[in-house]
Amino acid sequence: MSTGPTAPAFVRMAAHPLRWRLLTELAASDYRVRELVELLGQPQNLISYHLRLLRGSGLVTAHRSSFDARDSYYHLDLERCAHALTAAGVALHPALRLDPTPPPATTAEPSARPSVLFACTGNSARSPIAEALLRRRTGGHVEVTSAGSRPKPRIHPNAVRVLREHYGIDIADQRPRHLDTLARHRFDHLISLCDKVREVRPEFSDQPRLIHWSIPDPAAANDTDADADADADADADQASYPAFRHMAAEIDTRIRYLLPILARATKPEVHP
């Protein structure tokens, strides 16, 4: 008796109930192992085993926390998932080719626009880049701002450069702001982009949805002292620029997959 074709790797990987739950949680936010243990109510050794399988499949990545190097944050590669789902559909039937590109956010009335706050420590690179890219992709249909727990004196020159050269956005006149200045504002989503600010982010009375994107600081490895001369600063900026390009591309990808969530939040309720 002949055997038929085996199920695609993504289907086999996602079919396990616990792995599917892990994928579902990681689709919403980056998490540490102990947080996934708490969310899923399963032993740590079991969670770690299935995370190892997901990492081996390439669907999940991990890197050390910048807040505590003993911890690691796990991240679901939604872009890879989208392409894997497309391949699985084609394997079943050519007509089931899926579009891996998420739909754009829908237009909403001003009163119904979702509000998003991006936060990182210095508000000089990651969070202002995220703010600018989300604003560009939603055309003003989302209220978006950014702030930091320890804001730097200025936006990093490479953040200005990468947005101008690769996305046609100019934030040269923007200045970092402190999270405390937004304490009385209402936000639907609070997205932290660095592991340090996640530990100190303020409480908001309206309880926004908390999302964490664990993205390393592209300037950290090339930071110069305050007394360094201009030439040393320029050399450090040039050396770190590729890291800024990579960081901006990762944020832009994550934002594309955030758009359907924001669009869903603005859809009016349908009453029978």
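Tutor: Buried stands for under 20% relative accessible area, exposed for over 50%, and partly exposed for values in between (1.4 Å probe, protein chains only). This is a predicted model, in which local features need pLDDT of at least 70 and side-chain atom pairs count only at pLDDT 80 or more, while totals for chains, interfaces and linings use all residues. Residues are numbered from 1 along each chain as its sequence is written, and side-chain values use heavy atoms, with hydrogens and water left out.

Student: Where is Q207 placed, and what is its phi?

Tutor: Most residues other than glycine have a negative phi. Q207 has a positive phi of about 50° although it is not a glycine, and it lies in the loop between α8 (195–200) and β6. Helices (H or I, at least four residues) and strands (E, at least two) are DSSP runs, numbered from the N terminus. N123, in the loop between β3 (115–120) and α6 (126–138), also has a positive phi, near 50°.

Student: Is N123 buried or exposed?

Tutor: N123 is buried, its relative accessible area being 0%.

Student: How should the length of helix α4 be read?

Tutor: The expected span of a helix is 1.5 Å times one less than its number of residues. For the 13 residues of α4 (residues 44–56) this gives 18 Å, and the end C-alpha atoms are 18 Å apart, which agrees. After α4 comes G58, with a positive phi near 85°.

Student: Which residues of α4 are buried, and which exposed residues lie on the face turned away from them?

Tutor: I47, H50, L51 and L54 are the buried residues of α4. They cover an arc of only 105° around the axis, which puts them on the same side of α4; the arc is that of the directions from the helix axis to the C-beta atoms. On the face turned away from this buried side are the exposed residues N45, R52 and G56. The buried residues pack against α1 (9–14), α2 (17–28), α3 (33–40), β1 (60–64) and β2 (72–76), contact meaning heavy atoms within 4.5 Å.

Student: Which residues of α3 are buried?

Tutor: In α3 they are V33, E35, L36 and L40. Seen down the axis of α3, these residues fall within an arc of 160°, so they line one face of the helix. Their packing partners are α2, α4, β2 and α8. G41 follows α3, with a positive phi near 65°.

Student: How do β1 and β2 pair?

Tutor: Strands of a sheet pair through backbone hydrogen bonds, either parallel or antiparallel. β1 and β2 run antiparallel and are joined by five bridges; two strands count as paired if DSSP finds at least two bridges between them. The bridge partner of H63 in β2 is Y73. Five of the five residues of β2 are buried: S72, Y74 and L76 point one way, Y73 and H75 the other.

Student: What is the strand order in the open sheet of four strands?

Tutor: The order is β4-β3-β5-β6, with parallel pairing. β4 (143–148) and β6 (209–212) stand at the edges with a single partner strand each, so one side of each lacks a neighbour in the sheet. Strand β5 (residues 189–192) pairs with β6 in the parallel sense over four bridges, and S192 stands opposite H212 in β6.
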